[in-house]
Amino acid sequence: MSIGKRTLLVTGAAGHLGRRIVELLLAQHGTAVSGTRVIAGSRDPAKLADLAAKGAETRRVDFDDPDLAQAFAGVDRLLIVSTDALDRPGRRLAQHKAAIAAAVKAGVRHLVYTSMPNPEPGSPIPFAPDHYGTEQALAASGLGWTVLRNAWYAENLLASLPHALASGHWYSAAGDGRVTHVTREDCARAAAAALASQDSGNHRYDITGPEALTTAEIAALASSVLGRPLQVIPVSEAQLEEGLKAAGVPAFFAPVLASFDTNTRAGRIDIVSDAVKTLTGQAPQSLRDFFSANRALFLPA
Ligand SMILES: NC(=O)c1ccc[n+]([C@@H]2O[C@H](COP(=O)([O-])OP(=O)(O)OC[C@H]3O[C@@H](n4cnc5c(N)ncnc54)[C@H](OP(=O)(O)O)[C@@H]3O)[C@@H](O)[C@H]2O)c1
């Protein structure tokens, strides 16, 4: 393999993160310039027409497919975007293990994986074992690897804060725990850089924004940038879970969301790293700037 003649494949390219990673790779390593092949993989390649128009090759990639190794043929460096299969415990880990085994079979040299902060046993987050198990499988695979432990997306706040801002009340079980958010765009930039890197060593990065804030600090920031009063109302995790269900969150997902606050209260996502800047050369966006840039989404008419 000579420099500039590599084949990179991103799975989950029809998803938010995967699609953006492919766009960044095409913009930075356009096939005509560097000779780097960029392949976008998805369960449904018909959803990748926009990426194909920009120069990506497309392939069908489904971790549930028994012939998955075919999809990774000729690939040097592979990015596995963790799937969204949270409906059944163990399903997502089985998918990721199948993807790693297929990568080994296909002769992939280096695998990049999107994990979460502190997934080790003891995490209150129900899906943490998926990430921990995947990291363990990767370490045992014999492949080179880069693990990107993505902090919570700032975009997650778009699901909860608009309602809180509308009512003026933010129900939280996170206590004084600090949480680091990172924009999905910064996760995509870091992942594109890690995949396109010439570095074949094993690395694990915490992909975070620039600051860890308490819920009260986030509320004060949102209030000051968006110009609405917002009071944090402390509740227990059980109360939060009931409130989420009453607000229409599906029964299987309410405990997952509530566990995020337990995780924060336990200090398990109080992590700030310089990995985004190290990987990309550009500092991550602050929550203040994210609120400013997305004002209309936080304050829908
Ligand atoms: N850090 C955070 O706060 C946070 C928040 C939400 C999610 N996540 C995790 O990060 C991942 C990417 O985030 P996102 O915003 O892009 O989520 P998303 O838009 O919901 O994308 C879900 C992803 O799962 C992939 N997928 C589902 N089933 C698959 C299968 N059988 N085989 C291969 N891929 C499969 C989809 O790929 P195709 O549709 O292209 O096949 C798609 O890329 C999520 O899947 C989730 O694991 C992290």
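**The ligand shell and its setting**

Modeller: In this predicted model, the ligand is surrounded by 26 residues, and the closest are G12, A14, G15, L17 and S42. Sorted by class, the shell around the ligand holds 12 polar, nine nonpolar and five charged residues. Two elements, helix 1 (16-28) and strand 7 (152-153), each supply at least two residues of this shell. The largest share is that of helix 1, which gives three residues.

The domain assignment divides the chain into domain 1 (7-151 + 184-207 + 271-283) and domain 2 (152-183 + 208-270 + 284-301). The ligand shell draws residues from both domain 1 and domain 2, so it lies between them. The C-alpha centres of the two domains are 27 Å apart. In the contact between them, domain 1 takes part with 22 residues and domain 2 with 25 residues. On the side of domain 1 that touches domain 2, helix 8 (184-196) and strand 10 (203-207) each supply at least two residues. Helix 8 gives the most to that side, with four residues. The class make-up of the side of domain 1 that touches domain 2 is 13 nonpolar, four polar and five charged residues.

S42, one of the closest residues to the ligand, brings in strand 2, which covers residues 37-42. Five of the six residues of strand 2 are buried, so the strand is largely enclosed by the rest of the structure. Strand 2 has pairings with two other strands to consider. With strand 1 (residues 7-10) it runs parallel, and four bridges join the two. In this pairing, L9 has I39 of strand 2 as its bridge partner. With strand 3 (residues 57-60), strand 2 again pairs in the parallel sense, over four bridges. There, A40 has T58 of strand 3 as its bridge partner. As a general point, side chains in a regular strand alternate between the two faces of the sheet.

N118 is not a glycine, yet its phi is positive, near 45°. It is placed in the loop between strand 5 (110-115) and helix 6 (128-139). N118 has 20 C-beta neighbours inside 10 Å and therefore counts as buried.

As for the chain as a whole, its secondary structure comes to 14 helices and 12 strands. The C-alpha trace spans about 55 × 35 × 35 Å along its principal axes. For 301 residues, a compact globule would have a radius of gyration near 19 Å, and the chain agrees with this because its own value is 20 Å. Of the 301 residues in the chain, 43% are buried. Among contacts between residues at least 6 apart in sequence, 79% join residues at least 24 apart.

To return to the part you asked about: the shell around the ligand lies between domain 1 and domain 2, since both give residues to it, and helix 1 supplies the largest share of that shell.

Notes
Residues numbered from 1 in each chain as written. Predicted model: local features only at pLDDT ≥ 70, side-chain atom pairs only at ≥ 80, totals over all residues. Near = placed C-beta within 6 Å. Nonpolar A, V, L, I, M, F, W, Y, C, P; charged D, E, K, R; others polar. Domains from an automatic or database assignment. Buried ≥ 20, exposed ≤ 12 C-beta atoms within 10 Å, placed from the backbone. Pairing = 2+ DSSP bridges. Rg over C-alpha atoms; globule rule 2.2 N^0.38 Å. Contact = placed C-beta atoms within 7 Å.
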